[in-house]
Amino acid sequence: MLSRRKFLQVGGVAAAAAAIGCDQLPEVIRDPLGFDDDAPSGPFRAPVSGEIGMVSHALSRLSFGGPPGEWQRVRAMHAVEERAVERYVAEQLDHESLRDRRAQRMARRLESLAAPLGEMYEYKEDFLLGEMTRGAVLRATYSTRQLYEVLVQFWTDHFNIDSSKGDCRWLKAADDRDVIRAHALGNFPEMLRASALSPAMLWYLDGRVNRRVGADDKPNENYARELMELHTLGVDGGYSQHDVMDVARALTGWTVRSKDVSELGIGRVEFHPELHDDGEKLVLGHRIPAGLGERDVDAVLDIVALHPSTSRHIATKLCRRFIADEPPAAAVAAVAAAFEGSGGDIRSTLKTLTATSAFAAARGSKVKRPFEYVVSALRATNAETDSGPALTAYLSRMGHAPFQYPTPDGYPSAPQPWLGTMLWRWNFAAALASNRINGTRVNAAALAVAAGGESALAAHLLGRRATDEEMRAYHESGAGVALLLAAPAFMRS
C-alpha cells in the first residue's frame, strides 16, 4: 500500500519528471509502490567467526557474493548453520518463486533484448552487444535469483557462441534469452535440443551449411564434433570419428535464414528435406533407421543427452565450478548419478552437489574469474551502477568480456589464464572504492556505519573476521575498502 509519506514525496517531485530522464528520477518515482524492497538497506550484521562459515561459503560459491544483510538473512533461516544453508539452497533452486523486481525492472530498460528474433537485426551490432553485456552485469549484480544467474554464466560458457561471427551479432541475444536463460535451471536434454536448433548455434558452428546435395557430398562436421566433445560426452567420452560423421549426417538439412540472403523470415530455422541425408546411421552403437527425416536430430540427441559419458562430463564441470578445480572423484560420481537418475534435471543435480561433503569442505579455495570478481565487488559494496561502458571496460581489460570468447569451449574455468590480469583487478578495486567509474557509485562510509564499524565491514567483505594484520593494513593504507577488495581473500570464493 502506498503510504501517505510516499504519496507526498511522489507529489512533491512529479513535476520534475517531464524535464529529466527516467533513469535520473528519484527511486520513489521509479518505484513508488516499494517494489524495490528486495534491495538491501539499513543496518546489518556481519560474520564474527575467524573462519569461513557455511553461510559465507554458500553465498560466495552459489551466488556472486552477498550484499549487505544477505549473510544475516540466510543465517537466520535456521539455528543450525548447515540447515540454514540447506534452506538457502532450496530457496535458490526454486528461483521463480523469488521476487526479483529490481533486476527485472532494470532488464526491461534494455528493450532490444526482449525484441522478437527478426527485429534484432534492426539494431546495430555494437549497440546490441553493449546491451547484452550491460544486461548480464545488471542481472548478476541485482538479482535475488543468484544461483540461477551463476548457472546462466555456466551454461553460456558450456554452449559458447562468439557473438562476432556472422549473424551471431544479432542472433546471440535471442539465444541468451531463449536457450540459456530459459533452461538454466531446467532440464538438460531440453536445453541441449534448444541449443542444437538455435539460430545462433546453427550459424556459429556451421550447422546452417551442413547439407547433402550429391551422393558424394560429405557433411560439415563442425557442430557434430562440438556436440559430442564439448556439449555432451566430453573429449574422452568414447566416441569415434565414425560417430562424428554419422551425427553430422543426421543433422544435415537444417538451416537458418540469413541477413544476406533474405529479408523475409530472417533468423528463422528451417529444415530442407532435399538437403538431408536420410539414410541409416550408427551412433555409439545405436542404429538410427533410414527415413526419419527431421526426426534424426531427436534420435541423435536421445542417444547423447543422458549417455553415461555425458552425465560424467556435466558432473565434472559442475563440480569444478562449485567445488574445486580438481574435484574429488566421489563427488563427481554422486553428481553424475543424480544427473542421469533424474533425466538431466538440473535442480536435482545441484541439490545433490551442494549436499556433498566435498562442497562443504571447499571453502575459500577457488579463484574468482573476472566477471565473478567484478560483480561480487559491486554486490559487496552495495554499489549503484548503470553497468555502462566505463564499468564493462574493466571486464574487457581483464579478458572476460561477456559473449566474446572466440572458440567453442567458452571462457576457461581454471585460474591460470586469469592470473596475468591481476593488475586490472587492483585498478578496478581502487577506482570502485574511490568512485572513479562513471555511472557507478559506492558509499563506503555509510556501509561501515550500517555494518557497525570498520571491523564489521571488513568481516562482511571477507566472509569472516579480518585478521589483525588485515585490519592494520586496512587502517594504514588510507584506502581500506579498496585494499580489501584487492586482497587475496576477496579474490577467492
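Analyst: A helix here is a DSSP run of H or I with at least four residues, numbered from the N terminus. The model is predicted, so local features need pLDDT of at least 70 and side-chain atom pairs 80 or more, while totals for chains, interfaces and linings use all residues. Residues count from 1 along each chain, and side-chain values use heavy atoms, without hydrogens or water.

User: Which helix gives the largest share of the lining of the largest pocket?
Analyst: Helix 8 (146-158), helix 12 (222-231), helix 15 (308-322) and helix 19 (370-380) each supply at least two lining residues. The largest share is 7 residues, and it comes from helix 15.

User: How much space lies in the largest pocket?
Analyst: A pocket is an open set of 1 Å grid points where a 1.4 Å probe fits, with protein on both sides within 12 Å along at least five of seven lines; lining residues have an atom within 4 Å of a point. Here 33 residues line it, and His313, Thr316, Lys317, Arg320 and Ser413 are closest to its centre. The space is about 780 Å³.

User: Is helix 15 parallel or oblique to helix 17?
Analyst: Helix 15 and helix 17 (residues 346-354) have axes 11 Å apart, at an angle of about 50°. Angles under 35 degrees are roughly parallel, over 145 roughly antiparallel, 65 to 115 roughly perpendicular, and the rest oblique. That angle makes helix 15, relative to helix 17, oblique.

User: Which residues of helix 17 meet helix 15?
Analyst: Contact means heavy atoms within 4.5 Å. From helix 15 come Leu318, Cys319 and Phe322. In helix 17 they meet Thr349, Leu350 and Leu353.

Definitions and conventions. Grid points are joined across faces, edges and corners, and a volume is the space filled by probe spheres set on the points. Axes are lines fitted to C-alpha atoms, for helices over the stretch in contact, and angles run from 0 to 180 degrees between N-to-C directions.
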